[in-house]
Every structure is written in structure tokens, then in C-alpha cells.
There are 2 protein chains.
Amino acid sequence: MAEPTHSNTSRSIERKDGKMPDLGDFRMTKQRRVVYDVLTDELDHPTAAEVFIRSKEKMPGISLATVYNCLETLTTAGIVRQVNVDRDASRFCPNLNPHAHFFCSQCQNVFDVNLREAADAISAWRLPNGSRVDQIEVAMKGACPACEANAKN
Amino acid sequence: MAEPTHSNTSRSIERKDGKMPDLGDFRMTKQRRVVYDVLTDELDHPTAAEVFIRSKEKMPGISLATVYNCLETLTTAGIVRQVNVDRDASRFCPNLNPHAHFFCSQCQNVFDVNLREAADAISAWRLPNGSRVDQIEVAMKGACPACEANAKN
DNA sequence: AACATTAATTAGAATAATTCTTGATCTCAA
DNA sequence: TTGAGATCAAGAATTATTCTAATTAATGTT
């Protein structure tokens, strides 16, 4: 085994770079740390399968199921965002600033697009210079009037 | 076979309501007509499975594969839009006006949200009155600067 | 440190939506 | 009418993801 087996987790492991993600009630385990590090090491938007491959470099024994579990936990904890483009495999991104995503149909890369405010100032997008936008998809989630009224009763 | 086998297709079948979708190079077949009618009959946002169920009422012999094929054709032809919310089953909508989608996490319904212009005036959304927005997702597709420059050479 | 409790990990099976494959059928145009 | 190409249908195959059940690890005590 490439990793030491003695216990090495805590609810708030210190990162080399000082970043200390808050997992709330979840435990910060070795696996979750590895998955989170994979996401922050490179600022692309890997799929679960890609995260799995990169994670195995740091922790050869990690399983795909665990990678899925970790990604879900990190997403639920709010320190990672899940990004869906069409029905392709989900991609994951540790950028928590409000931003949109720009997907290149050719090289399949996903780029963050800075956004001042979520709802209002979406007009002030800073797209990668020289890019061509073919399609914009906006999806909102929440509660419709009927359900919202329902919930209040 | 439940359906008559004699020919009954053309490139531009007239609808009862006068709408005449343009399929471009694709043929307007009976099946495609049925699937399109299902989408325009009700203005909700059915999944392929739901379209299949409704289509069978009009044409009992139609197959799920055909419904998928028809939906893809209609989408490619540009007379239907495919709507994805997270990784749930795709939903389909015949509203071609620029609009965003509002998804109710509770009743799972999808609502169209009028949009003046795609890119610019996204701030002028007309949400269903009394709704609560929890999350907004924006995804764009096109070509990144590298690929765009590449394509021009 | 050892224990109990609870959470997390793992491997593999299961699922759901979608796509693919293949052969039959249909349509258009010559 | 006939051939080429498009479309349809049934079911197999694929892909991403989730679930299941058993094992292992972590945490909070004693």
C-alpha cells in the first residue's frame, strides 16, 4: 500500500496551501481529502471518472464508488459544485464564486465565466476572449407558486 | 399490426390548427407528426417516456426507439427544444421563443420563463408569480478561443 | 489503549436513460 | 416499377450512476 495506514483524519485537516474546507457534520476522511485535492489541484472540470483516475495516483486503492460518494458529500457540504452540460457525465468544480459555465463543443472543455451576481447582473459575463457562443441554457430550481403556497400551510 | 399500412406521409402535413412545422431535409412521417402533436397538445415538458405513453394513445404501435428517434429528429430540425435539468431524464418542449426554465423541486414540473433576449436582458425574467428560486444554472455552449482560432485556419 | 457506536469505504450488482444494431418497411424520384 | 436511401421497430448494449451488503475506519467514551 502506498499510503500509511495509521489514522490521519479529522474534521478539519490543514491543507499544504492553508485551505481548510468545512465539511460541516461530515468527517474529513483521507479519501474525501484526496478527492477534494484532485479538484483543487487543477482548475479544469473533471468528470467522476477523471477524478477517479487522478485520485488513484494519490491513493491507488480508492474505489470508484468512493469517488462518487466523496463527490456527493463534498457537493452536499457545499464546497464543490456539480456542473451538468446536457446529459453528459457530471463535472465537478471547486469554484464557489457565482459563475456560469462555458462549454466548448469542440475540445469539450468547461470554462468558468465570472458573474457579478447570480440573478441580476448576468449580462456582465466575462467570456474567454475570442470565444463564440452558440447556445445559452438557463435553468432555475426552486418551488412553483402552488408548491410554495402548499409548503406554507 | 394496429395501424393501417398504406402510405400517409409528406414533407409538410397540415395540422388541424394550421401549424406546419418545417422539418428541413427530414421527412414528416406519421410517427414524427404524432410525437410533435403530443408535444404541442399539452404545454408541459414531458420526458421521452411520457411522450411514448401519450404517443401510444394516438398510435398504439409506435415504439420507444422511434419516439427517441423522432425527438432527436425534431430537436435537430430545430422545432423542438431539449431541456435538461441536472441529470434527470431530458424533457422536450415545442416553445421556440427564447426562454429559460424554472424547475419546481417539489412537484417536478418545468415552467417556461419568458426572456426578452437570450444573452443581454436575462435580468427581465418573468417568473411564475409567487415562486421561490433556490438555484440558477447557466450553461453556454460554443467554441473556446483556442478552438475558434483553430477552426479559422 | 480498548470499546462501542456510528460513519465511511469497498466491490460488485442493479438501475435508468439512452444509444446502437439489424432487418424490415417505406418514400422519393428516375 | 424499381432502386437507393430514409425511417421504423425490437431488443441488445452502453454509460453514468446508485444501491446493497459486508468490511473497515473514525470518534467519543471509559
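Visitor: Why does Glu42(A) count as exposed?

Guide: This is a predicted model, and the call rests on a neighbour count. Glu42(A) has 10 C-beta neighbours inside 10 Å. Exposed means 12 or fewer. Therefore Glu42(A) counts as exposed.

Visitor: Where is Glu42(A) found?

Guide: Glu42(A) sits in the loop between α1 (30–41) and α2 of chain A. Its C-alpha lies 21 Å from that of Thr29(A), with the two residues 13 apart in sequence.

Visitor: What makes Thr40(A) partly exposed?

Guide: Thr40(A) has 17 C-beta neighbours inside 10 Å. Buried needs 20 or more, and exposed needs 12 or fewer. The count of 17 falls in between, so Thr40(A) is partly exposed. Thr40(A) belongs to helix α1 of chain A. Between the C-alpha atoms of Thr40(A) and Ser131(A) there are 25 Å, and along the chain 91 residues.

Visitor: Why is Met59(B) called partly exposed?

Guide: Within 10 Å of Met59(B) there are 17 other C-beta atoms. That value lies between the limits of 12 and 20, so Met59(B) is partly exposed. Met59(B) is located in the loop between α2 (48–58) and α3 (64–77) of chain B. Met59(B) and Val35(B) are 24 residues apart along the chain, yet their C-alpha atoms are separated by 9.6 Å.

Visitor: Which residues of α1(A) and α3(A) make the contact?

Guide: Gln31(A), Arg32(A), Val35(A) and Tyr36(A) take part from α1(A). On α3(A) they meet Thr66(A), Val67(A), Cys70(A), Leu71(A), Thr73(A) and Leu74(A). Six of the residues in this contact are nonpolar, three polar and one charged.

Visitor: How do you know that β3(A) pairs with β5 of chain B?

Guide: Four bridges join β3(A) to strand β5 (residues 132–143) of chain B. Pairing needs at least two bridges. The two strands therefore pair. They run parallel. Phe102(A) stands opposite Met140(B) in β5(B).

Visitor: How many residues does each chain bring to the contact between chains A and B?

Guide: Chain A brings 42 residues and chain B brings 42 residues. On the side of chain A that touches chain B, β3 (99–104), β5 (132–143) and α4 (145–152) each supply at least two residues. The most come from β5(A), with 12 residues. By class, that side of chain A has 22 nonpolar, 12 polar and eight charged residues.

Notes: Residues numbered from 1 in each chain as written. Chains lettered and ligands numbered in written order. Predicted model: local features only at pLDDT ≥ 70, side-chain atom pairs only at ≥ 80, totals over all residues. Contact = placed C-beta atoms within 7 Å. Nonpolar A, V, L, I, M, F, W, Y, C, P; charged D, E, K, R; others polar.
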